[in-house]
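Visitor: I would like to go through this structure and ask what stands behind each label.
Guide: Ask away.

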Amino acid sequence: MLSPLNNVVLIGMPGSGKSTLGVLLAKMAALGFVDTDLLIQSHSGTTLQAIVDGEGYKALRSIEEQVLCNLDVSGQVIATGGSAVYSDRAMRHLKQNSIVVFLDISLAAVRQRIGDFSLRGISKRPDQSLEDLFAERYELYTRYADVVIQGEHKSQNQVLEKLLKATAEFQTGLS
């Protein structure tokens, strides 16, 4: 019997490993891989940072919502941008045929992994600190997540094993 869920959607802060672990998970699970940040850049013809610098963070979120809502794929690992969770419409669309996995890391780990976040095309208000952004997004990540994977103080292989196990357990619980 086919599972009702065909995709694995990875959500989390920049630096949480969505793209890196997404590629590895896709290879291990014989799935395709979609990086929605790349789709946004392809759709808009420019980088995420250029969108934020030129049109503002709301423009980036609007483009992201459009790209996510138009995504119609099956058998994919989907690495979303960190701000995907700001669109309830997009998240509801993704959850229709996907398990949503929150890759949870601490604020300290985010700082360590991404360094100068002003160069990352992060969708945040100009006056918003990284601490405030982290707190705001954390609530949204936990709201939409079907599964939470702690990614801190673990190797990529350890997190990948947890991802494989959690997605298999979640799928089994649905059948």
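Guide: Gly 32 has Gln 76 as its bridge partner in β3. This is a predicted model.

Visitor: Where is Gln 76 found?
Guide: Gln 76 lies in strand β3, residues 76-79.

Visitor: What makes Gln 76 count as buried?
Guide: Buried means under 20% relative accessible area. Gln 76 has 17% relative accessibility, so Gln 76 counts as buried.

Visitor: Which residues does Gln 76 touch, leaving out those up to four places away in sequence?
Guide: Gln 76 touches Asn 6, Asn 7, Val 8, Leu 31, Gly 32, Phe 33 and Val 34.

Visitor: What makes the approach of the Gln 76 side chain to the backbone oxygen of Ser 74 a polar contact?
Guide: The cut-off is an N or O pair within 3.5 Å, with one atom able to donate a hydrogen and the other to accept it. The Gln 76 side chain reaches the Ser 74 backbone oxygen at 3.4 Å.

Visitor: Which way do the residues of β3 point?
Guide: Gln 76 and Ile 78 point one way, Val 77 and Ala 79 the other way. All are buried. In a regular strand, side chains alternate between the two faces of the sheet.

Visitor: How do you know that β1 and β2 pair with β3?
Guide: Pairing needs at least two bridges. Strand β1, residues 7-11, has three bridges to β3, and the two run parallel. One of the bridge partners is Ala 79 in β3, for Leu 10. Strand β2, residues 32-35, has four bridges to β3, also running parallel.

Visitor: Why are α3 and α4 called oblique?
Guide: Angles of 65 to 115 degrees are roughly perpendicular, and those over 145 roughly antiparallel. The axes of α3 (residues 48-55) and α4 (residues 57-69) cross at roughly 130 degrees. Therefore α3 and α4 are oblique to each other. Their axes come within 6 Å. Leu 48, Ile 51, Val 52 and Glu 55 of α3 meet Tyr 57, Ala 59, Leu 60 and Ile 63 of α4.

Visitor: Which residues of α6 are buried, and what puts them on the same side?
Guide: In helix α6, residues 107-114, the buried residues are Leu 107, Ala 109, Val 110 and Ile 114. They cover an arc of only 155 degrees around the axis, so they sit on the same side of α6. Their cover includes α7 (130-144).

Visitor: What does the face of α6 turned away from the buried side carry?
Guide: That face carries the exposed residues Ala 108 and Gln 112. Just after α6, Gly 115 takes a positive phi of about 60 degrees.

Note on methods
Residues numbered from 1 in each chain as written. Predicted model: local features only at pLDDT ≥ 70, side-chain atom pairs only at ≥ 80, totals over all residues. Heavy atoms only, no water. Buried < 20%, exposed > 50% of the residue type's maximum accessible area, 1.4 Å probe, protein only. Contact = heavy atoms within 4.5 Å. Arc of directions from axis to C-beta. Axes fitted to C-alpha atoms, helices over the stretch in contact; angles between N-to-C directions. Parallel < 35°, antiparallel > 145°, perpendicular 65-115°, else oblique.
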